[in-house]
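Subject: Structure handover

Hi,

Here is the structure you asked to take over. Please load it before reading on.

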Amino acid sequence: MTSTTPVLTEPAIDIESAGPSEGTPRRKRGFSLKDATASTLLWVYALISIAPLLLMVSNSFRTTQEMASSPLGLPLAPTFSSYQKAWVTASFETYFVNSIVVTVASVLLSTAVSLLAAYAFARTKSKLFATIEALFLSGLMLPVYLAILPLFFLLDSLGMISNLWSLILVYGALGIPFSTFVLASFFRQLPIELDEAARLDGAGAFTTFFRVHLPLVRPAIATVIVFRFVPVWNDFFYPLILIRDQKAYTLPVGITRFFGEYQTDWATLFAGLTLATIPLVVLFLLATKQIVSGLTAGMSK
Amino acid sequence: MSATNTRRSRHTGITLSKRTGLVFVLPALILFAVFVLYPLLTALSYSFFSWTGIVRGDFSVLDNYVTLFTKLPYRDQVPNAFFHNVLLFVGAMVFQNTVGLGLAVLLHRLKRFKRFFQTIFTLPYLVSPLVVGYLWSLMLSPLFGPVNFILKAVGLDALAQPWLGNPATAIWVVVFVTAWQWVGFPVLLYGAALGGIPQEIDEAASLDGTTSWQRFREITFPLLTPAIGTVSVLTFIGAMEAFAIPYALGGSQGSPAGATDVLSLLFYRTAFESGASNAIGTSSAIATLLFVFIFGVAVFITWFMRKAERKLY
């Protein structure tokens, strides 16, 4: 197989081991310097990539005094008191529940309306629908967060500032470009004969959609849900501006407040950061396949 | 019978009437129009008026834009913040296309543990940028941050310093932390692109006696162009919109002394923290310029990469 290191290349070896995926003849030859270098580099970067996150979790089980004396020590006598402090005293319980409510509701909202719209885009051929689809798609490239001032005034006039509904509706709307984009391409792959067969059996447009198409695009729905969950859960900009009441803070805004108040209480800070990350790790473990294939969607054409 | 036949042929590929289609599209369209489209169009108009608090005054043509480039503090802050956004873009591009591409190539050759490494490299990408920023601010703390501790432990005491307190290093911390978080994406994307390159091409070239570096440069790299284009566009948009990581590392003021300031922070400060009477006018001018710049360049990169691709095939 090819190598990026020009110095180590010996053409004779490369010709023999030219089949990259059937690299068995080469592997049999045993341990090569190239392989060793490659795996060393991978492990080194893996460490750079994961160490800060591991440290975050490990330090959340230690006390601030322990961290001061040995910054890299292991939690040999793990304590959960920082979690209790972050969860109860620092109101993480409230932030966490708010974040869950906002994320789940807005992802369901954007997925539901996008499913309907994407179906229409895939099953119509008029200019009107092509225009609406293009309009939605442009939202993928536009820095829409810059429209925050009019949005603030709009929600203010509706009396919805500091109300979780404001975030749910805004995130719901912001999810439409990505969700319709993914879902429409899936609906387009479904053969039109399906529709014709369903119609011949007397099903109307809505029955066909719910009974025939919806079950078939389930993998796409999973991808859309996972990929909207992450940015909504992590978003900091909208709640920073739209939520003025601490009771309605979501986790990211709660954390900024918390970092001001608990500056020197490192153990609690690490526990708070870990709490904000746990749902994402759970999601990642549940949906690694969707995440990896989704991030590279369109590349395998 | 003949009636249904003509209907069929006229409607090939269409099974929804316009009216039914509209019923399907309407919920999304209303939501998008009210919470995205309307604010977006209104925001652009804001920048052409002078404001007193939240009361809109006269149409002021380009006054707000002129203010940005002639009056203090904007005259200094706008170029300073913009320069940091550019640094962020360039830094992240360099990191992703050297470290990211390198890791993808190494992973591509790997038979086992591939998924394991992919997972580890991608994890930071999923964590909230705000959490990432705060986490690194603790890591780099001069008090008892692990980074300085490690530097001292290996005898590099001279390098240990208050990374975020020093204006000369603070912006590079922002660049590094951003690149660190993003690198998993190009690793996956380049990995998928490498997997899509037919092995026969590589084999044929190697039979011709080319070195592996030559093959990488002449075959693999050009075939990665579409993936590099995607990474470029997304990195550009991400770098220009950067907000949470600089906020976590330098606060809304871009501390120390504006060393970590970026345009989104400047916009946020001007609109919500400055207390200036024409805050809405000025901040809307910043937003509009940024908006036009991001959209314009993103479209240009996409067009340019398409052209480069067409040249290749």
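Predicted model: local features only at pLDDT ≥ 70, side-chain atom pairs only at ≥ 80, totals over all residues.

**Chain A overall**

Chain A has 17 helices and zero strands. Of its 301 residues, 41% are buried. Take the contacts in chain A with a separation of 6 or more: 76% of them come from residues 24 or more positions apart.

The chain is divided into domain 1 (24-84) and domain 2 (91-261). Their C-alpha centres lie 36 Å apart.

**The core**

The largest nonpolar core holds 171 residues. Two members touch the most others: A:Leu183 and B:Leu290. Which element gives the most to this core? That is helix α6 (residues 92-122) of chain A, with 13 residues. Both domains of chain A give residues to the core, so it lies between domain 1 (24-84) and domain 2 (91-261). As general background, nonpolar side chains tend to be buried together in soluble globular proteins.

**Between the chains**

On the interface, 82 residues of chain B are in contact with 85 residues of chain A. Helix α2 (residues 18-46) of chain B gives the most to chain B's side, with 17 residues. By class, that side has 57 nonpolar, 18 polar and seven charged residues.

Helix α9 (residues 164-174) of chain A meets α2(B), and their axes come within 8 Å. The crossing angle is roughly 105°. Angles of 65 to 115 degrees count as roughly perpendicular, so α9(A) and α2(B) are roughly perpendicular to each other. From α9(A), the residues involved are A:Leu169, A:Val170, A:Gly172, A:Ala173 and A:Leu174. They meet B:Leu31, B:Phe32, B:Phe35 and B:Val36 in α2(B). This contact has eight nonpolar residues, one polar and no charged.

**A helix pair inside chain B**

Chain B has a helix pair to look at too. Helix α5 (residues 114-126) of chain B and helix α9 (residues 184-195) of chain B have axes that come within 7 Å. They cross at roughly 135°.

The classes here are six nonpolar, three polar and no charged.

**Backbone points to check**

In general, most residues other than glycine have a negative phi, and most peptide bonds are trans. Here are the exceptions to look at.

Two cis peptide bonds are in chain B:

- B:Leu72 and B:Pro73 are joined by one, with omega about 0°. B:Pro73 sits in the loop between α3 (63-70) and α4 (74-109) of chain B.
- B:Ser255 and B:Pro256 are joined by a cis peptide bond, with omega about -5°. B:Pro256 sits in the loop between α13 (244-250) and α14 (263-272) of chain B.

B:Ala257 lies in the loop between α13 and α14 of chain B. Its phi is positive, near 50°, and it is not a glycine. Is B:Ala257 buried or exposed? B:Ala257 has 12 C-beta neighbours inside 10 Å, so it counts as exposed.

A:Ser162 also has a positive phi, near 70°. A:Ser162 is in the loop between α8 (148-157) and α9 of chain A. It has 17 other C-beta atoms within 10 Å, so it is partly exposed.

B:Thr211 lies in the loop between α10 (199-207) and α11 (212-223) of chain B. With 18 C-beta neighbours inside 10 Å, B:Thr211 counts as partly exposed. Buried would need 20 or more. B:Thr211 and B:Leu130 are 81 residues apart along the chain, and their C-alpha atoms are separated by 45 Å.

Best wishes

Note on methods: Residues numbered from 1 in each chain as written. Chains lettered and ligands numbered in written order. Core = buried A, V, L, I, M, F, W, Y, C linked by C-beta atoms within 7 Å. Helix = DSSP H or I, 4+ residues; strand = E, 2+ residues; numbered from the N terminus. Domains from an automatic or database assignment. Contact = placed C-beta atoms within 7 Å. Nonpolar A, V, L, I, M, F, W, Y, C, P; charged D, E, K, R; others polar. Axes fitted to C-alpha atoms, helices over the stretch in contact; angles between N-to-C directions. Parallel < 35°, antiparallel > 145°, perpendicular 65-115°, else oblique.
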